[in-house]
Amino acid sequence: MALASAPMTDIRSLPVTAELIDYAVGHGSWPDDEVLTDLRAETRALGSPAGMQLGPDQGQLLTLLTRLVGARRAVEVGTFTGYSALCIARGLADDGTLLCCDVSEEWTALARRAWARAGVADRIELRLAPAVETLRALPADEPIDLVFIDADKTGYPDYWRELVPRVRPGGLLLADNVLWGGAIVDDGDESANAVALRAFNDLVATDDRVECVVLPAFDGLTIARKL
Ligand SMILES: C[S@@+](CC[C@H](N)C(=O)[O-])C[C@H]1O[C@@H](n2cnc3c(N)ncnc32)[C@H](O)[C@@H]1O
């Protein structure tokens with residue numbers, strides 16, 4: 001009874017330190033190998049954009065979720081230097097493929113090199129164009145098993161609208177950064193990204209085509225299952 005009335009913060013006392021994350025990653029099935037380690041170092045050399053890269057704990061979760069749904073056809077919106085794409089590609093079924101959407105030739109050049117080194121380049125197709133154009137051009141009759149949205153935050157609602165109808169029942173839609181460093185609950189933050197992410201979160205929560213959880217881990221991860 002005491003637990004039920006306690007504030008959530010009282011029962012969530014896990015301190016997520018860098019040391020703890022390292023420990024957790026080291027006890028997962030897919031700690032960063034040489035390719036992922038080198039990719040992280042190359043991305044760090046880019047300076048501040050490196051902050052966009054997924055952490056290894058979230059990368060492992062992507063691999064696991066991709067395996068859980070037995071994904072043969074996956075789509076990523078926002079590829080950057082290719083870390084999350086590599087984690088998804090490694091979880092695909094043997095004949096699986098991943099379509100990556102991005103606009104940066106420069107950043108995705110690093111991705112292409114890492115994918116080749118990892119031996120998964122033949123299962124990844126990269127399209128360089130505004131993602132909404134790429135998604136609108138996707139056929140309606142080729143069901144997608146897994147989607148990972150991690151591009152410009154103002155585009156999330158459009159990506160959702162394009163992708164939900166194309167995901168098969170039982171397939172997963174994942175969206176990153178949905179708690180936006182906590183700004184999502186800061187009414188004083190009216191930045192375009194925060195406003196767009198609030199609209200996105202409301203859109204997902206009221207969409208009766210999916211069931212979902214918003215995971216308060218990483219920077220907030222939505223995991224939605226198509227009904
Ligand atoms: C947060 S990063 C993606 C990080 C990546 N998932 C990873 O694990 O490293 C966002 C990416 O979205 C791309 N992007 C931004 N606007 C876009 C758009 N309109 N269409 C497609 N990609 C876009 C950027 O070029 C950038 O590479």
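**View 1. An open sheet of seven strands runs in the order 3-2-1-4-5-7-6, with mixed pairing.** The model is a predicted one, in which local features need pLDDT of at least 70 and side-chain atom pairs count only at pLDDT 80 or more, while totals for chains, interfaces and linings use all residues. Residues are numbered from 1 along each chain as its sequence is written, and side-chain values use heavy atoms, with hydrogens and water left out. The edge strands, each of which pairs on one side only, are strand 3 (124–128) and strand 6 (210–215). Strands (E, at least two residues) and helices (H or I, at least four residues) are DSSP runs numbered from the N terminus, and two strands pair if DSSP finds at least two bridges between them.

**View 2. Strand 1 (residues 73–77) pairs with strand 4 (residues 144–149) in the parallel sense.**

**View 3. Helix 7 (residues 105–118) and helix 9 (residues 156–163) lie across strands.** Helix 7 lies across strand 2 (97–102) and strand 3, running at about 170° to strand 3. Helix 9 lies across strand 1, strand 4, strand 5 (167–176), strand 6 and strand 7 (221–226), and its direction is at about 180° to strand 4. For these angles, axes are lines fitted to C-alpha atoms, for helices over the stretch in contact (heavy atoms within 4.5 Å), and the angles run from 0 to 180 degrees between N-to-C directions.

**View 4. The ligand is surrounded by 19 residues.** The closest of these residues are G78, S84, D102, A131 and D150, where a residue counts as near if one of its heavy atoms lies within 4 Å. A backbone N or O atom of G78 lies 3.0 Å from a nitrogen atom of the ligand, whereas an N or O atom in the side chain of D102 is 2.6 Å from a ligand oxygen atom. In the side chain of D152, an N or O atom is 3.3 Å from a nitrogen atom of the ligand. Taken alone, the ligand exposes 610 Å², of which the protein buries 89%; such areas come from the Shrake-Rupley method with a 1.4 Å probe.

**View 5. T66 is found in helix 5 (residues 56–68).** Because its relative accessible area is 0%, T66 is buried, a word that means under 20% relative accessible area (1.4 Å probe, protein chains only). Not counting residues up to four places away in sequence, T66 touches A71, I88, G91, L92 and L146.

Notes. Polar contact = N/O pair within 3.5 Å; in protein donor to acceptor, adjacent residues only side chain to side chain. Buried < 20%, exposed > 50% of the residue type's maximum accessible area, 1.4 Å probe, protein only.
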